[in-house]
Structures are given as structure tokens and as C-alpha cells.
Amino acid sequence: MAAGKSVNKGRKNDKLVMILSLAIAVYFGVMISTYYYKIDNPVLGFVREFLTIPAILLWLVLTVLSVIALSKENKKFSSLSFYTFLLLCATMVLLILTT
């Protein structure tokens, strides 16, 4: 029974990491699009200044967590942690290409 609970806990953590990764991707996507379309709003500027550094730090933590989860799952390419890692890598490539 204890092994089943730890498996469910791992799945819940993987789902949480995936949801947070989606939120980070959406955040950076919105910030990139507002920069690209030159939307300048004082509230948006405040949000950008207030949340960008924590979002980058959260991106780093989520990347480490997804790599750890991927290594625990013996590098299954059909796992949720693999898709999370791909999403985080795609977000970073998008950030690099837009700078």
C-alpha cells in the first residue's frame, strides 16, 4: 500500500509541475507578445517588473524537478515529466530567439 501512495504522490507532483510549467510558458508568451506588438501599459510594466525574476527562478526549479522526475522514470518518453521538460526547453528557446 505504501508503494501505491508514493506513486500517486509522484503523479500529483508531476501534474503540479506540468501546470506550473504551462503557467510559466503562458506568462512568457504574453510578455513576449506585448513587447512584440509594443503594448505599453503602466500596470503591465509593473507586473513585468514584479514577476519576471520569480518566473525565471521558477523556470529553473521546474526544469530541475522535471529532469529528476524523468531520471526516476528511467527516461520514459511517454511520461508527463518528459513533456514538461520539452515545454520548459521550448519556453527557453523562445526567450532566447526573441532577445
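How many aromatic pairs does a search of the whole structure find? The search finds 5 of them, where rings of Phe, Tyr and Trp (its six-membered ring) pair if their centres lie within 6.5 Å. The model is predicted, so that local features need pLDDT of at least 70 and side-chain atom pairs count only at pLDDT 80 or more, while totals for chains, interfaces and linings use all residues. Residues are numbered from 1 along each chain as its sequence is written, and side-chain values use heavy atoms, with hydrogens and water left out.

**The chain as a whole**

- The chain holds 3 helices and 0 strands, with helices (H or I, at least four residues) and strands (E, at least two) taken as DSSP runs and numbered from the N terminus.
- Of the 99 residues in the chain, 26% are buried, a word that stands for under 20% relative accessible area, against over 50% for exposed and in between for partly exposed (1.4 Å probe, protein chains only).
- The chain exposes about 7,300 Å², of which carbon and sulfur atoms supply 74%; accessible areas come from the Shrake-Rupley method with a 1.4 Å probe, and for residues only the protein chains shown count as cover.

**Helix 2 and helix 3**

- Helix 2 (residues 42–72) and helix 3 (residues 80–98) have axes that come within 9 Å and cross at roughly 145 degrees, the axes being lines fitted to C-alpha atoms over the stretch in contact, with angles from 0 to 180 degrees between N-to-C directions.
- Residues that make this contact (heavy atoms within 4.5 Å) include W59, L62 and T63 of helix 2 and F82, F85 and L88 of helix 3.
- T63, which is found in helix 2, is buried with a relative accessible area of 16%, and T63 touches F85 and L88 when residues up to four places away in sequence are not counted.

**Aromatic rings**

- The rings of F46 and F50 form a stacked pair, because their centres are 5.6 Å apart and their planes stand at 10 degrees; planes under 30 degrees apart count as stacked, over 60 as edge-to-face and the rest as tilted.
- F46 and F50 both lie in helix 2, where they are 4 residues apart, about one turn of the helix, and both F46 and F50 are exposed.
- Elsewhere, F77, F82 and Y83 are linked into a cluster by ring pairs.
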